[in-house]
Amino acid sequence: MEIRTLSTLECTKLLTANRVGRLACAKDGQPYIVPFYYAHADNHLYAFSMLGKKIDWMRANPLVSVQVDERGTNRGWKSVIVNGRYEELPDRIGHKVQLDHAWSLLSRHTDWWEPGALKPATSSVAEHRPHVFFRIFIAEVSGREAMET
């Protein structure tokens, strides 16, 4: 097995080609990681979610990491890590262009709003909780690839 470092361009291509990543955030010294759907454009990862733990934690500490990977042939793989900053795109004046851009990018994919709009247990309170569009500003990106030798 040979491991090599991916270039920034290769990392960007992997982020653009995929839709599912693992979003890591932390609050009070406790890490939390969840899968999420995203769309990549202009040095950001755009996403959608209902209010909940990840949004609460990212509001408290906007520094996050995202991991995206692909399986290769045999035992090969590629993995990209993004270190960045959570930026909420509120539904109010001054943010309409950014919000519309996020909607446009995400809605290119079938069922883009799932799983962000689905919760394991639905209650009358959860059904009326607002949704949140957000983006992760990519401050740093790195990646590796493993290949059979």
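Among the contacts in the protein with a separation of 6 or more, 73% are made by residues 24 or more positions apart. The model is a predicted one. Its secondary structure comes to four helices and eight strands, and along the sequence these elements follow the pattern β-α-β-β-β-β-α-β-β-α-α-β. The protein has 149 residues, of which 36% are buried. It exposes about 8900 Å², and carbon and sulfur atoms supply 52% of that area.

How are β2 and strand β3 arranged relative to each other, parallel or antiparallel? They run antiparallel, and eight bridges join β2 to strand β3, which covers residues 30-37.

Side chains of opposite charge can pair when their charged atoms come close. The structure holds six salt bridges. One of them joins arginine 4 to glutamate 145, with the closest N and O atoms 2.9 Å apart. This pair links distant parts of the chain, since arginine 4 belongs to strand β1 (residues 2-5) and glutamate 145 to strand β8 (residues 131-147), 141 residues apart. Arginine 4 counts as partly exposed because its relative accessibility is 26%. Glutamate 145, by contrast, has a relative accessible area of 12% and is therefore buried. Arg4 and Glu145 also belong, together with Glu10, to a network of salt bridges.

A further salt bridge is formed by aspartate 69 and arginine 22, whose closest N and O atoms are 3.7 Å apart. This pair too links distant parts of the chain: aspartate 69 is in strand β6 (residues 63-71) and arginine 22 is in strand β2 (residues 20-27), 47 residues apart. Aspartate 69 is partly exposed, with a relative accessible area of 32%, and arginine 22 is also partly exposed, at 34% relative accessibility.

Arginine 75 forms a salt bridge with glutamate 148, the closest N and O atoms lying 3.1 Å apart. Because arginine 75 lies in the loop between β6 and β7 while glutamate 148 lies in the segment after β8, the pair ties together parts that are 73 residues apart in sequence. Arginine 75 is exposed, with a relative accessible area of 54%, whereas glutamate 148 counts as partly exposed at 37%.

Aromatic rings supply another kind of link. A pair of aromatic rings is described by the distance of the centres and the angle of the planes. The structure holds four aromatic pairs. Among them is the tilted pair of tyrosine 32 and tryptophan 57, with 5.4 Å from centre to centre and 55° between the planes. Tyrosine 32 lies in strand β3 and tryptophan 57 in helix α2 (residues 53-60), so this pair ties together parts that are 25 residues apart in sequence. Tyrosine 32 is partly exposed, with a relative accessible area of 24%, but tryptophan 57 counts as buried at 12%.

Tyrosine 86 and phenylalanine 134 form another tilted aromatic pair, with 5.4 Å between the centres and 50° between the planes. Since tyrosine 86 lies in strand β7 and phenylalanine 134 in strand β8, the pair ties together parts that are 48 residues apart in sequence.

Not counting residues up to four places away in sequence, arginine 85 touches Pro62, Leu63, Val64, Arg135, Ile136 and Phe137. The C-alpha atoms of arginine 85 and histidine 44 are 9.4 Å apart in space, although the two residues are 41 apart in sequence.

Finally, tryptophan 77 is found in strand β7, which spans residues 77-89. Tryptophan 77 counts as partly exposed, because its relative accessibility is 34%. With Met1 and Ile3, Trp77 makes a nonpolar surface patch of about 280 Å².

Technical notes:
Residues are numbered from 1 along each chain as its sequence is written. This is a predicted model: local features need pLDDT of at least 70, side-chain atom pairs count only at pLDDT 80 or more; totals for chains, interfaces and linings use all residues. Side-chain values use heavy atoms; hydrogens and water are left out. Patches are made of residues with over 30% relative accessible area and no salt bridge: like charges are joined within 9 Å, nonpolar side chains (Val, Leu, Ile, Met, Phe, Trp, Tyr) within 5 Å. Accessible areas come from the Shrake-Rupley method with a 1.4 Å probe; for residues, only the protein chains shown count as cover. A salt bridge is a side-chain nitrogen of Lys or Arg within 4 Å of a carboxyl oxygen of Asp or Glu. Helices (H or I, at least four residues) and strands (E, at least two) are DSSP runs, numbered from the N terminus. Buried means under 20% relative accessible area, exposed over 50%, partly exposed in between (1.4 Å probe, protein chains only). Contact means heavy atoms within 4.5 Å. Two strands pair if DSSP finds at least two bridges between them. Rings of Phe, Tyr and Trp (its six-membered ring) pair if their centres lie within 6.5 Å; planes under 30 degrees apart count as stacked, over 60 as edge-to-face and the rest as tilted.
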